[in-house]
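Please walk through this protein chain with its sequence and its fold side by side. The account moves from overall confidence to sheets, then to helices, and ends with the backbone of single residues.

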Amino acid sequence: MAADVDAAPGTECPGPALDFVALAPALWLIPARGDKADGDNRGQVVNLLLARQGGRLWLLGAGPSPAFGRALACQAHLRLGLAVSEVAIPRARAELALGAAGLPAARLYATAAVRAAMRRQCAVCEQRLRDQLGEAAADLGAAPVRMPERLLTGTQGRWGPFAWRQIALGGSVTTVWRHQGADVVAAWGLMWPGQPPDGRDSGIVRLVAVGPLWLHGAGSATRFIGEQGPPAGLDEARRQAAYWAWMWQEAQAAVARGENPGAAPPPPVAAWGLHERHALNWQRAWRQAEDEFLAGAPRR
């Protein structure tokens, strides 16, 4: 039966059954299941982080639907004996945000820029997700969008056990979060460990610029959580950031030679060339390099 966050031990929680992967004594990863939202994974395609501090549970990302939010609330309470009372949305993506409507008792936070992006995008993103989920779109219900009521002010600060910093991506915005006690950094919209990163919502030049910025802000962190995939080390984080510098140089050179975009060049990590995202990234980079070239902008 469906149960709310106050369910007593032994109560059956609604599905999907979630994994709580311990990263530290008071920090858990709720891992994504698959690359693309569909009826089988019910939209659970983005990693979430859950931390305990001060007798409260702090959740980064809320999942893809109110039904998911209710499942998470119940299962976290049964496993950990606490309610999820604080939720932050790291960036405006339906699969990160729509679960908040299933956590009505939790306080919901975002930066002003992330909240503004949600206001602009939520209707379109909700419909896209409905189309992808098929019959599982019932998880969304009639009104799945809950806007953050509380603002994280400025461009950096502290939120519970996390230090955060906002990063503008040139077309979108994200926030990078560091759990200092566990030495873990979460970088939604910047990392996809084991796969090429995704430039869909970003300017390639901006991605080149922010790589050193967010890695420097990670300090001495040794573990990194991306949009999808398992925890990764510093070498993988550097590969993800360096990919954009390499791609931009390749795109600028191709445009300067007068070439059409053609097939994407082999990436520095050979296996990434087999992923469809790499070809899409190349098309975006080439178009942006062509726009810069035609506008007569100075080469970078």
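What follows is a reading of a predicted model, taken one part at a time.

The protein chain has an average pLDDT of 93, and 95% of the residues score at least 70. Residues 1-10 have a pLDDT below 50, although this stretch makes 22 contacts in the model beyond near neighbours in sequence. Where pLDDT is low, the predicted coordinates should not be read in detail.

Consider the sheets next. Seven strands form an open sheet of mixed pairing, in the order E1-E2-E3-E4-E5-E6-E7. Its edges are strand E1 (21-24) and strand E7 (150-152), each of which pairs on one side only, and neighbouring strands are turned by 25 degrees against each other on average, with direction ignored. Within this sheet, strand E4 (residues 56-60) and strand E5 (residues 84-88) run parallel and are paired over four bridges, and the bridge partner of Leu59 is Val87 in E5.

E11 and E12 run parallel and are joined by three bridges, and Val184 has Arg223 in E12 as its bridge partner.

Turning to the helices, helix H3 (residues 112-133) has 22 residues and reaches 29 Å from its first C-alpha to its last, close to the 32 Å expected at 1.5 Å a residue. A kink of about 55 degrees in H3 is centred on Gln121. The buried residues of H3 are Val114, Ala117, Met118, Cys122, Cys125, Glu126, Leu129 and Leu133, and what covers them includes helix H2 (94-97), strand E6 (107-111) and E10. An α-helix has 3.6 residues a turn, so residues three or four places apart point the same way. Just after H3, Gly134 takes a positive phi of about 60 degrees.

Helix H4 (residues 204-217) has 14 residues, which at 1.5 Å a residue should span 20 Å, and the 20 Å between its end C-alpha atoms agrees with this. H4 also has a kink, of about 35 degrees, at Val210, shortly before the proline Pro212. Val210 is among the buried residues of this helix, together with Ile204, Leu207, Gly211, Trp214 and Leu215. The cover over the buried residues of H4 includes strand E9 (162-168), strand E10 (173-179), strand E11 (184-187) and strand E12 (223-225), as well as helix H5 (234-256) and helix H6 (276-295). Gly219, which follows H4, has a positive phi near 60 degrees.

Why does Asn281 count as buried? Its relative accessibility is 0%, and buried means under 20%. Leaving aside neighbours within four places in sequence, Asn281 is in contact with Pro196, Pro197, Asp198, Gly199, Tyr243, Trp244 and Met247. Just after H6, Gly296 has a positive phi of about 75 degrees.

Some backbone details remain. Most residues other than glycine have a negative phi, and most peptide bonds are trans. Against that background, the peptide bond from Gly15 to Pro16 is cis, with omega near 5 degrees, and Pro16 lies in the segment before E1. Arg42, in the loop between E2 and E3, has a positive phi near 55 degrees and counts as partly exposed at 26% relative accessibility. Asp183, in the loop between E10 and E11, likewise has a positive phi, of about 60 degrees, although it is not a glycine; Asp183 is buried, with a relative accessible area of 18%.

Methods. Residues numbered from 1 in each chain as written. Predicted model: local features only at pLDDT ≥ 70, side-chain atom pairs only at ≥ 80, totals over all residues. Heavy atoms only, no water. Helix = DSSP H or I, 4+ residues; strand = E, 2+ residues; numbered from the N terminus. Expected span 1.5 Å × (residues − 1). Bend = angle between axes of the 7 residues up to and from the residue. Buried < 20%, exposed > 50% of the residue type's maximum accessible area, 1.4 Å probe, protein only. Contact = heavy atoms within 4.5 Å. Pairing = 2+ DSSP bridges. pLDDT = per-residue confidence, 0-100. Axes fitted to C-alpha atoms, helices over the stretch in contact; angles between N-to-C directions.
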